[in-house]
Amino acid sequence: MNKELLEAMEVLEKEKNISKETLLEAIENSLLTACKNHFGKADNVRVNINPDTCDFAVYMEKEVVETPEDDQLQISLVDAKMMNPKYEVGDTVQIPLDSKKFGRIATQNAKNVILQKIREEERSSLYKEYYMKEKDVMTGIVQRMLGKNVSINLGRVDAILNESEQVKGETFRPTERVKVYILEVKDTPKGPRISVSRTHPDLVKRLFESEVAEVRDGTVEIKAIAREAGSRSKIAVMSNDPNVDPVGACVGLNGSRVNSIVNELRGEKIDIINWDENPAYLIENALSPAKVICVVADEEEREAQVIVPDYQLSLAIGKEGQNARLAARLTGFKIDIKSETQAREMGLFEQMGLQYGDAPEDTYEEEIQEDYQDYDSEAGQEDADQQ
């Protein structure tokens, strides 16, 4: 038994995830290459390797003829009978070769063949491993800054976090652990090239899948996400189980689940709303924490007219239009928000078939936070105060 070779292959198989069969094939090819370099050809050379013991034998097949014309391919009948009297013309003789007698150049070439195969298989193994993680989230360790880009180690390979995929104002320190979204994995001659992101909306989705068991098992489904990285995200959720509150499941006890995601995103606010198949109700939910009097949605044109109380207009629009902008992205509708006063002046109530005062009286008196499904009360109140 060739213990040294067997142990070496077991180490390579474990550390580099290269199969034993691949390594045996590489050794076989290297021996054939060495034979070709040593004898000038290897068409009739055969290699037998025992996969269990790693013992190998190299031999050359020659045809028995009366008078050999090519010593590399043929052997005389006289010489063949000296090896075994049973040989006759036309038989094939297997002549053992001593691989230890190969020259230095032949041995070096054989070594290079094995190393090249190992590198190719390692690169292929890495690509397959990380390609399976494309569109998923991984935890990496910040290595170094590459100009404005960041090199992040994902275990066996380094990924590149480009400046365009970084959250504005976010900084990184070497050895810092950070979660990233795997954008793309490319196979290159130098190994897999991995691009990652901290701004992609699906980063939020994957974080909820890892943090919320109901999202992970499909009980709660994330139907839509709108994100302005580093500032605020809105997600619409629905439950496939009538006994499970989708918003409550995502928020967790005392906000524990959503807060852990907020911390991972370094303070990015997250609004969680109920999904509704009715676009008018969905738009109303999406505009929270603002109260809505009336929504008229045109599904064909993907446009919606929304009327809110006068004192809620700035809250519905949000700081620099952020709340309305995220609601539009979340629902896929172009949203036009008007205050009650504007609506009366433009005659929108009459156009919608409503009269001023049709909305319930308590619509104007309830506190802003009662329907705020963000469950981040501090963030919601902060926006309300700013407006």
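Here is a walk through a few regions of this structure, which is a predicted model.

Averaged over the protein chain, the pLDDT is 83, and 86% of the residues reach 70 or more. The stretch to treat with care is residues 355-387, where the pLDDT is below 50, although in the model this stretch has 60 contacts beyond near neighbours in sequence. Where pLDDT is low, the predicted coordinates should not be read in detail.

Strands of a sheet pair through backbone hydrogen bonds, either parallel or antiparallel. For strand E14 (residues 303-308) and E15 the sense is parallel, over six bridges.

Two packed helices are described by the angle between their axes and the distance between the axes. For helix H9 (residues 279-286) and helix H11 (residues 322-331), that angle is about 145° and the axes are 9 Å apart. The crossing of H9 past H11 is right-handed. On the H9 side the contact uses Leu282, Ile283 and Ala286, which meet Asn323, Ala327, Leu330 and Thr331 of H11. Sorted by class, this contact holds five nonpolar residues, two polar ones and no charged ones.

How much of H11 is covered? The buried residues are Gln322, Asn323, Ala324, Leu326, Ala327, Leu330 and Thr331. Their packing partners are strand E10 (220-228), strand E11 (232-239), strand E12 (269-274), H9, helix H10 (313-317) and strand E15 (334-339). H11 is followed by Gly332, which has a positive phi near 80°.

Some backbone details in the loops also deserve a look. In the loop between H9 and E13 you will find Pro289, and the peptide bond that joins Ser288 to Pro289 is cis, with omega about 20°. Arg266, in the loop between helix H8 (256-264) and E12, has a positive phi near 60° in a residue other than glycine. Arg266 is partly exposed, with a relative accessible area of 36%.

The last stop is the loop between strand E7 (158-161) and strand E8 (177-188), where Gln166 lies. Is Gln166 buried or exposed? With a relative accessible area of 15%, Gln166 falls under the 20% cut-off and is therefore buried. Leaving aside residues up to four places away in sequence, Gln166 touches Lys148, Asn149, Val150, Leu161, Phe172 and Thr199. The loop between E7 and E8 also holds Thr175, whose relative accessible area of 66% makes it exposed. Thr175 is not a glycine, yet its phi is positive, at about 75°.

Notes:
Residues are numbered from 1 along each chain as its sequence is written. This is a predicted model: local features need pLDDT of at least 70, side-chain atom pairs count only at pLDDT 80 or more; totals for chains, interfaces and linings use all residues. Side-chain values use heavy atoms; hydrogens and water are left out. Axes are lines fitted to C-alpha atoms, for helices over the stretch in contact, and angles run from 0 to 180 degrees between N-to-C directions. Helices (H or I, at least four residues) and strands (E, at least two) are DSSP runs, numbered from the N terminus. A crossing is left-handed if the near helix is turned anticlockwise from the far one by less than a right angle, and right-handed if clockwise. Contact means heavy atoms within 4.5 Å. Ala, Val, Leu, Ile, Met, Phe, Trp, Tyr, Cys and Pro count as nonpolar, Asp, Glu, Lys and Arg as charged, and the others, Gly among them, as polar. Buried means under 20% relative accessible area, exposed over 50%, partly exposed in between (1.4 Å probe, protein chains only). pLDDT is the predictor's confidence in each residue, from 0 to 100. Two strands pair if DSSP finds at least two bridges between them.
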